[in-house]
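Dear colleague,

Please find below the structure that I am handing over to you. My findings follow it.

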Amino acid sequence: MEAVQLFAAFAPILWLIFSLVILKLPAYKTCSATLVLTLALAIFGWWEMPVTDALAAALEGAALALWPIMIVIIAAVFTYNLARKTGSMDIITRMLSGITTDKRLLVLIVAWGFGGFLEGVAGYGTAVAIPASILAAMGFQPMFAAIICLVANTVPTAFGAIGIPIITMAGVTGLPVETISYYTALQLSVFIILITFLLVILTAGFKGLRGVVGATFVSGVAFALPQLYTAKYMGAELPCLIGSICSMLATIIWARIFHRDTAAPETEPLPASVKIKAWLPYMLVFGFIILCSNLFPLIKDTLGLVKTTVTIYGDNEFTFKWLATPGTLIILATYIGGRIQGESLRSITGVLASTAGKLTYSAVTVVSIVALAKVMAYSGMINTIAVAVADTTASYFPLISPLLGALGTFVTGSDTSSNVLFGQLQMEVAGRISIDQAWIVAASAAGATAGKMISPQSIAVATAATGLVGSEGRIMNRTLAVCAAYVLILGTLVYATIPYIKYFAV
């Protein structure tokens with residue numbers, strides 16, 4: 001009977017994998033069906049969850065999915081869409097392409113730095129689609145552009161879309177967001193530097209490192225250290241954004257000083273006012289998020305008073321923060337930036353409405369997967385799986401913890417969804433084998449970044465952006481080995497550092 005119960009507990013996850021990977025069903029359809037399956041198992045299976053409790057658990061998950069997760073996704077994509085409408089994205093692209101002719105440096109600036117920036121402020125495929133299309137336009141082979149941007153769009157996704165994966169992980173597990181943020185950044189710090197060198201090697205081979213070792217190292221360190229500092233002292237919203245900006249600036253300055261011979265041919269210079277105006281919405285997003293961070297507790301706490309607290313499941317209080325949330329701040333910053341750029345309120349609102357409409361299916365997917373995760377957690381299904389996994393792997397579980405995170409991203413195409421799917425499981429297994437729960441939960445979040453480069457959804461975005469639709473299999477074959485090495489090294493690192501966690505404690 002225990003084996004049958006374990007299979008039943010695994011059934012929602014197994015069905016997700018089978019339906020998305022094998023049957024290739026649309027995510028919104030299969031996630032909705034999986035939610036219904038999960039409710040049925042929780043109510044009529046071994047867990048005998050009361051109907052009202054099951055529905056309340058699903059409702060709490062839906063609330064979390066809509067606010068703050070979906071509002072951040074909508075806001076982030078809205079900012080990008082408005083940048084496309086106003087033409088500011090074209091100006092940003094022109095500025096980046098005019099820095100250097102050295103392909104190695106261009107990869108570090110465009111695929112890594114600018115891609116990381118887009119992931120930090122938007123996510124949702126923009127960090128692959130835009131840099132890949134820019135590189136292809138610069139003369140890079142489309143296949144290479146797709147692969148290099150998929151590999152680059154790994155580490156930054158942990159804190160993508162203003163930190164929503166980590167914020168969601170904290171919401172699912174109940175662990176402090178600051179702790180998960182710091183531990184995740186700590187585990188990924190080594191990978192940030194490794195990835196920059198890998199990008200150069202993929203661009204020009206090992207011999208290609210000659211002459212750009214300094215630039216590559218600076219590009220990685222300038223991302224890793226600011227991200228780690230920000231994650232520890234400011235939370236999850238800004239690490240990727242600050243890290244990517246510092247990396248871009250450091251790499252550009254290094255190129256200007258030490259690689260003057262690679263400078264791009266002179267073109268008609270853009271006025272400073274045009275450049276500033278193009279970046280203005282993103283500058284405002286950056287500024288608003290900082291002002292409402294832990295650095296300015298008075299502002300954060302004052303805005304936090306505008307909230308609604310409700311009880312949805314049991315005695316658990318759920319709070320909707322209407323102003324002190326990244327989604328609201330991004331939308332406000334984008335409206336102000338759009339108006340300064342000359343767009344009317346009606347035009348800006350039209351872009352927002354269009355963005356929200358196009359993300360309807362995504363909303364169904366996110367709501368369904370967060371709701372089913374809540375039902376699995378509250379019913380005891382996650383605990384059933386955790387007991388089996390803990391008893392099977394014992395103290396070696398940290399070795400495979402990142403692999404589970406990567407699997408979640410591979411299946412769902414989203415770090416956030418992976419964190420929802422496996423966050424509670426990772427925490428319960430860690431508790432059962434007496435290992436720091438935050439460290440293992442962070443390992444899952446870090447591992448989730450590896451699955452991004454082999455996720456069918458991410459690859460589909462890359463092929464669409466570079467005109468390679470139909471080449472998905474070839475691209476996955478090229479990124480699979482990198483993903484495997486990534487997960488193996490990360491798992492070993494997480495396992496080997498367990499005795500030293502106390503020295504890193506927040």
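What share of the contacts in the protein chain with a separation of 6 or more comes from residues 24 or more positions apart? Such residues account for 78% of these contacts, a contact being heavy atoms within 4.5 Å.

This is a predicted model, in which local features need pLDDT of at least 70 and side-chain atom pairs count only at pLDDT 80 or more, while totals for chains, interfaces and linings use all residues. Residues are numbered from 1 along each chain as its sequence is written, and side-chain values use heavy atoms, without hydrogens and water.

The protein chain has 23 helices and two strands (DSSP runs numbered from the N terminus: helices are H or I of at least four residues, strands E of at least two). Of its 506 residues, 58% count as buried, meaning under 20% relative accessible area with a 1.4 Å probe, protein chains only.

Strands β1 (residues 307-311) and β2 (residues 317-321) pair in the antiparallel sense over five bridges; pairing requires that DSSP finds at least two bridges between two strands. T308 has F320 in β2 as its bridge partner. Five residues separate β1 and β2 in this hairpin, and G314 in the turn has a positive phi of about 60°.

β2 also gives the largest share of the lining of the largest pocket, five residues. In total, 34 residues line that pocket, and P68, I167, V177, T319 and K321 lie nearest its centre (on a 1 Å grid over the protein atoms alone, a pocket is an open set of points where a 1.4 Å probe fits, with protein on both sides within 12 Å along at least five of seven lines; lining residues have an atom within 4 Å of a point).

With kind regards

Terms used. Buried < 20%, exposed > 50% of the residue type's maximum accessible area, 1.4 Å probe, protein only.
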